[in-house]
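This briefing is meant for a reader who is meeting the structure for the first time. It takes up a pair of helices, then the surroundings of a ligand, and ends with the chain as a whole.

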Amino acid sequence: MTTSEPLLQVRDLRVDIGERNVLNSLSLDVEAGALLVLMGANGSGKSTFGLALAGHPRYRVSGGSARFAGQDLLALAPHERSRAGLFVSFQAPPDIPGVKNNLFIRSAMNAQRQARGEAPIDAFDFLADARGAARRVGLAETLLGRPVNDGFSGGERKRNELLQLALLRPRLAVLDEIDSGMDIDGVRAVVDEVQALRAQGTAFVVISHYLQLIEALQPDRVLRLADGGIAETGALDLARDIARHGFARAAATVGA
Ligand SMILES: Nc1ncnc2c1ncn2[C@@H]1O[C@H](COP(=O)(O)OP(=O)(O)O)[C@@H](O)[C@H]1O
Ligand SMILES: [Mg+2]
């Protein structure tokens, strides 16, 4: 990767779900260590963007390009994208009955360590790290030994996404409404984890409607997604404006 190339460079990305076109020309750059907030009305394609980056098979990329850490992201299988340092949290995290949470996370961590040429983390060190992270994100330790998200409440599922983020320490994390369903302590834990990881160089695309969270994160840029692409780019004022006046206003003034 040349020093001038951003960590993620998306150009004219087009994504279809079945017969339906959702994103038609989305372009954005995320520099290493930057934090972007992505806003947009319900159904504008925010989750589609994250899931297409992750390589979800239902989200078919039918045009454009995405380069990540100097590689053609779209040419990689989903697990290779993860190994390259991409993390995408689920807006609605699914459960995986029969797969223990701690084993799931440790396997993911070890796959990434292997990709970096590092030895697997031993069970004892993993448990110490996982317990520490669980405490920080406010997830009961007993949930580490249960199947992934099985019987978890909405907020616990989101905290479990945050736990995975904390342990995997990606180069770029796309957080899809991670605050929704969380109580106020959960939202505080999001801010703390994001800040801790940012200090270590992780870049973020944070999808959220929650102004208080957005303000606390001090984003480098705020983007508004509409009509299949980035319709507007600004600073915190853009998020404040949307929070005050809604997306309908934004469409009326910018579209004019
Ligand atoms: N599996 C699916 N099948 C058909 N349409 C879908 C599917 N998932 C999402 N969509 C549609 O794609 C559009 C974008 O959805 P989404 O990316 O979830 O929006 P956002 O996250 O911005 O609310 C919506 O109109 C939604 O109804
Ligand atoms: Mg969504």
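In this predicted model, helix H5 (residues 154-168) and helix H6 (residues 184-199) have axes that come within 11 Å and cross at roughly 15°. Because angles under 35 degrees count as roughly parallel, H5 is roughly parallel to H6.

**The helix pair**

- The crossing in which H5 passes H6 is left-handed.
- On the H5 side the contact is made by Gly155, Lys158, Arg159, Leu162, Leu165 and Ala166, and these meet Gly186, Ala189, Val190 and Glu193 in H6.
- The residues of this contact of H5 with H6 divide into five nonpolar, two polar and three charged.

**The surroundings of ligand 1**

- Ligand 1 is surrounded by 13 residues, of which the closest are Gly43, Ser44, Lys46, Ser47 and Thr48.
- At least two residues of this shell come from strand S2 (20-30), and at least two from helix H1 (46-54), with H1 giving the largest share, three residues.
- By type, the shell around ligand 1 holds eight polar, three charged and two nonpolar residues.

**The chain as a whole**

- Eight helices and 12 strands are found in the chain.
- The radius of gyration of the chain is 18 Å, close to the 18 Å that the globule rule gives for 256 residues, so the chain is as compact as a globular protein of that length.
- Along its principal axes, the C-alpha trace of the chain spans about 60 × 40 × 40 Å.

Notes. Residues numbered from 1 in each chain as written. Chains lettered and ligands numbered in written order. Predicted model: local features only at pLDDT ≥ 70, side-chain atom pairs only at ≥ 80, totals over all residues. Near = placed C-beta within 6 Å. Helix = DSSP H or I, 4+ residues; strand = E, 2+ residues; numbered from the N terminus. Nonpolar A, V, L, I, M, F, W, Y, C, P; charged D, E, K, R; others polar. Axes fitted to C-alpha atoms, helices over the stretch in contact; angles between N-to-C directions. Parallel < 35°, antiparallel > 145°, perpendicular 65-115°, else oblique. Left-handed = near helix turned anticlockwise from the far one by under 90°. Contact = placed C-beta atoms within 7 Å. Rg over C-alpha atoms; globule rule 2.2 N^0.38 Å.
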